[in-house]
There are 2 protein chains.
Amino acid sequence: MWQEHTTGTPAIIGRREQIYVHAAQLFCTRGFAATSMANIAEAVGITKAGLYHFVASKEELLFTLMSFSMERLEEDVVAPAQAIADPVERLTAIVHGHLQSVMQVTTPVGNPLTIILEETGALSADKAAQIKARKAAYSAFVRGTLDEIKANGQLADVDTRMATSAIMGIILWLARWHRPDGRLSVNDIVDNLAGIALRGVLGSGPATLERPK
Amino acid sequence: MWQEHTTGTPAIIGRREQIYVHAAQLFCTRGFAATSMANIAEAVGITKAGLYHFVASKEELLFTLMSFSMERLEEDVVAPAQAIADPVERLTAIVHGHLQSVMQVTTPVGNPLTIILEETGALSADKAAQIKARKAAYSAFVRGTLDEIKANGQLADVDTRMATSAIMGIILWLARWHRPDGRLSVNDIVDNLAGIALRGVLGSGPATLERPK
DNA sequence: GTCTATAAACGGATAGAC
DNA sequence: GTCTATCCGTTTATAGAC
């Protein structure tokens, strides 16, 4: 589906794929509500009516993109990590995998597929519930792994919900700001951020930090 | 300006303040583009035309809120931290201060003043440039502090831009998910997240982390 | 599959009465 | 300071020709 993934041979992608790529970029840049179907049609190079030959509605288009995004996360990040028994190793795989996944598609507007996942407010109640449930399952997977690490005495003295939030924050913020023309390589960015996240949540002795007075 | 700040005596706040509070909450929940002036008027309890007696335009309303939000950050977080000479102490104050600031206004939709700062795309070019410049100044302040820490050999082996991003991600993600009815106290959340952020970026010996194969 | 044309509703913003 | 009424551009979505 994603144009950037095609390599070598000239990209031959159908109208449907073109629509998804351009819609995701526009939703990401301007936001869902500020993007009109006419904007998307123009980006693709067809008319608004032509666009409706492929998609039933603007909302269905967003839902399709969100579902695809969650599918990538589940298949590319969660599934491989689930095969890892050791929780510290598993957490390392999750953090690196999710960061890699975010960096894999680098557009001038960040990572559209990750960013549009925050537009659940634009979906009808039942569609929003579906996406939220899949997000909650991912979050529970991360927290469960942190719980195991804590049970093994390998976690820093932190609440596992807070640790999950911190890790998510680091990853999702990357998706917002990263641009393909950056100074650092993909691997450098992943290593830096994963290092900070893992060092932050994993215990390395009883070194506690003081709050400022 | 902010309703939650009033204590003791019954809150007597003017129309203008009511408008700001409700607009910020709506912009935060639905997004700027998805919020109509009629929505805001209804929340305040006046008509759309009545609303225009107080605000010149929808965009000016957003800009006012964003400017106020940056003012709070600069006065409540940056200014006190600038008085601290030691860079590690200063970073600790910044992280705790910013987290406290985010937690100070806790609505059922997170922290509106922080979240609406991501709507610069809805502003005209010159207004957007003003807000972006103030954000960049804050970011440079954090990174400069990290540079000093690195020069003192007290930073983990990370790029200071990446460390800034990680810290921001942790704080901004909190602003998105936190709800006032939570299980943990404000201090617990601040301490947990600040601990993770500081432990992540500060060096505690040459303990490097390996990437998964 | 893509177009022109158009329906029906909603958006920001204003005029002018009270 | 708040209202009713209204202007006018834009929006989602559809009808129907080619």
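1. Helices here are DSSP runs of H or I with at least four residues, strands are E runs of at least two, and both are numbered from the N terminus. Bear in mind that this is a predicted model, where local features need pLDDT of at least 70, side-chain atom pairs count only at pLDDT 80 or more, and totals for chains, interfaces and linings use all residues. Residues are numbered from 1 along each chain as its sequence is written, with chains lettered from A and ligands numbered from 1 in the order in which they are written.

2. On to DNA strand C. A residue is near a strand if its C-beta atom, placed from the backbone, lies within 6 Å of it. There are 16 residues around DNA strand C, and Thr47(A), Ala49(A), Gly50(A), Ser36(B) and Ser57(B) come nearest. At least two residues each come from α3 (48–51) of chain A and from α2 (37–44), α3 (48–51) and α4 (58–82) of chain B. The largest share, three residues, belongs to α3(A).

3. DNA strand D also has 16 residues around it, the closest being Ser36(A), Thr47(B), Ala49(B), Gly50(B) and His53(B). Two or more residues each come from α2 (37–44), α3 and α4 (58–82) of chain A, and from α3 of chain B. Here α3(B) gives the most, with three residues.

4. How do the two protein chains relate? Chain B can be laid on chain A with an RMSD of 0.1 Å by a turn of 180° and a shift of 0.0 Å along the axis, superposing by least squares on C-alpha atoms of residues with pLDDT of at least 70 in both. That is the relation of a two-fold axis.
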